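Here are my notes for someone opening this one for the first time.

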Amino acid sequence: MRPRRSLPTALAAFTVLALPALAPPARAATAADAPSYGASTSVGVHNAYLQGTFPYFADALDSGAGMLEIDVWTNFFGSGWRVAHNNPFGNSSNCVGADSAAGLRTGARNQGLAGCLADIRAWHDANPGHRPVQLKIELKDGFADNLGRGPDDFDALLDATLGDALFRPADLIGGHATLDEAVRADGWPGRDALAGRFLVHLIPGTVEEGNPFDSLWTDVEYARHLRDRAAAGTLASATAFPAVHGAEAGDPRAGRYGDATLRPWFVVFDGDASAYLGGGIDTAWYTDRHYLLVMTDAHNVPPAISATAPTEAEALARVRLLADGGAAVASSDWHTLPGVLSTVVSHG
């Protein structure tokens, strides 16, 4: 069981595929428009659950974005899995908890994670064969196993709502012993094979990372969860991929995870685009091994462009630059540019 934690300090030439902004109907994919998921770059939206970003989470799903980020709180200041940016006590979101597509833009917003997942499921059911969507979940203050909000509870919540719509670690691992072994040998499925699926990746949150009383972060806790599930023959119940958070030269797992048995369970890496492309990190290390590299704050890579309203040409050029650097996702706050959000660029 995870101990209860206090938060006193922490609280104080490319192939460009323009997919339609609105969710497309199912169609047959071709080799030209369905590259490997790990060898292509889609566009993500930071904090897609905020009402100032999209009025409803259904709008985020309709935007064409390849990744949508949700912030979640678990601490004892409130109940359940709360969705908010800097409010640890309650929900502040554009999710409504729809039970069908007809309800995606009705009812009260400010629902928690269960409500967001309900919206995602309702949208999924109404849009069979939709693009693969990565859901980035930042656990702002980490898991709280002692409050019924640990990895097992997280899996149960996602499984009950998204279920067969998830692309899980067990789907990637195949007959291999670890995720690292699997992805280095076989890579990721093609984007066509992932049509209609959601891939969830988890990062430690800003509060968790700044909390001196927290010695068990999300990445370690969920990697242990995957390792132990695999050993028990129950990996199929796991719903997410832990990500190594923060750009670092070489293999960032080596110095960060003293327990070497955890390292092979990390095949997703999430960090600042400026750091990855600043000259000190060889991103070929990631692409050669088929890892997913999520580059955040794409707008800050020199020369910086607007975080919210660049021209479409500026944003597309930035996506291409990150694709050249091996990004699987180029993330920013470009929610007003659906033509950019729905773009997929094959690595050169």
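1. Start with threonine 239, which counts as buried because its relative accessibility is 0%. (Buried means under 20% relative accessible area, exposed means over 50%, and partly exposed is in between, with a 1.4 Å probe and protein chains only.) You'll find threonine 239 in the loop between α8 (218-232) and β7 (240-245). Helices (H or I, at least four residues) and strands (E, at least two) are DSSP runs, numbered from the N terminus.

2. A word on where this comes from: it is a predicted model, in which local features need pLDDT of at least 70 and side-chain atom pairs count only at pLDDT 80 or more, while totals for chains, interfaces and linings use all residues. Residues are numbered from 1 along each chain as its sequence is written, and side-chain values use heavy atoms, with hydrogens and water left out.

3. What surrounds threonine 239? Leaving aside neighbours within four places in sequence, its contacts (heavy atoms within 4.5 Å) are Phe154, Asp155, Leu158, Asp159, Leu166, Arg168, Pro169, Val200 and Tyr222. With aspartate 155 there is also a polar contact, side chain to side chain, at 2.8 Å. (A polar contact is a pair of N or O atoms within 3.5 Å; within protein, one must be able to donate a hydrogen and the other to accept it, and residues adjacent in sequence count only if both atoms are side-chain atoms.)

4. Next, the strands. Strand β8 (residues 268-272) has four of its five residues buried, so the rest of the structure largely encloses it. β8 pairs with β7 in the parallel sense over three bridges, and on that side histidine 245 stands opposite aspartate 270 of β8. β8 also runs parallel to strand β9 (residues 292-296), joined to it by five bridges; there, glycine 271 has methionine 295 in β9 as its bridge partner. (Two strands pair if DSSP finds at least two bridges between them.)

5. Most residues other than glycine have a negative phi, and most peptide bonds are trans. Asparagine 47 is not a glycine, yet has a positive phi of about 50°. That residue is found in the loop between β2 (40-45) and α2 (57-62) and counts as buried because its relative accessibility is 4%.

6. Asparagine 110 is another non-glycine with a positive phi, about 65°. Its place is in the loop between β4 and α3 (113-126). Is asparagine 110 buried or partly exposed? Its relative accessible area is 36%, so it is partly exposed.

7. Look as well at the peptide bond from proline 302 to proline 303: this one is cis, with omega near -5°. Proline 303 sits in the loop between β9 and α12 (312-324).

8. On to charges. How many salt bridges does a search of the whole structure find? The count is 16, where a salt bridge is a side-chain nitrogen of Lys or Arg within 4 Å of a carboxyl oxygen of Asp or Glu. One of them links arginine 184 and aspartate 180, with the closest N and O atoms 3.6 Å apart. Both residues lie in helix α6 (residues 179-186), four residues apart, which is about one turn of the helix. Arginine 184 is partly exposed at 42% relative accessible area, whereas aspartate 180, at 11%, counts as buried. Together with Asp251 and Arg253, Asp180 and Arg184 are linked in a network of salt bridges.

9. Two further salt bridges deserve a look. Arginine 256 and glutamate 248 have their closest N and O atoms 2.8 Å apart; arginine 256 is partly exposed at 30%, and so is glutamate 248 at 31%. Aspartate 228 bridges to arginine 227, with 2.9 Å between the closest N and O atoms. Aspartate 228 is partly exposed at 41%, and arginine 227 is partly exposed at 22%.

10. Last, the surface. Phe76, Phe77 and Phe89 make a nonpolar patch of about 290 Å². Patches are made of residues with over 30% relative accessible area and no salt bridge, with like charges joined within 9 Å and nonpolar side chains (Val, Leu, Ile, Met, Phe, Trp, Tyr) within 5 Å; accessible areas come from the Shrake-Rupley method with a 1.4 Å probe, and for residues only the protein chains shown count as cover. Phenylalanine 77 is partly exposed, at 33%, and lies in the loop between β3 (67-73) and β4 (82-83).
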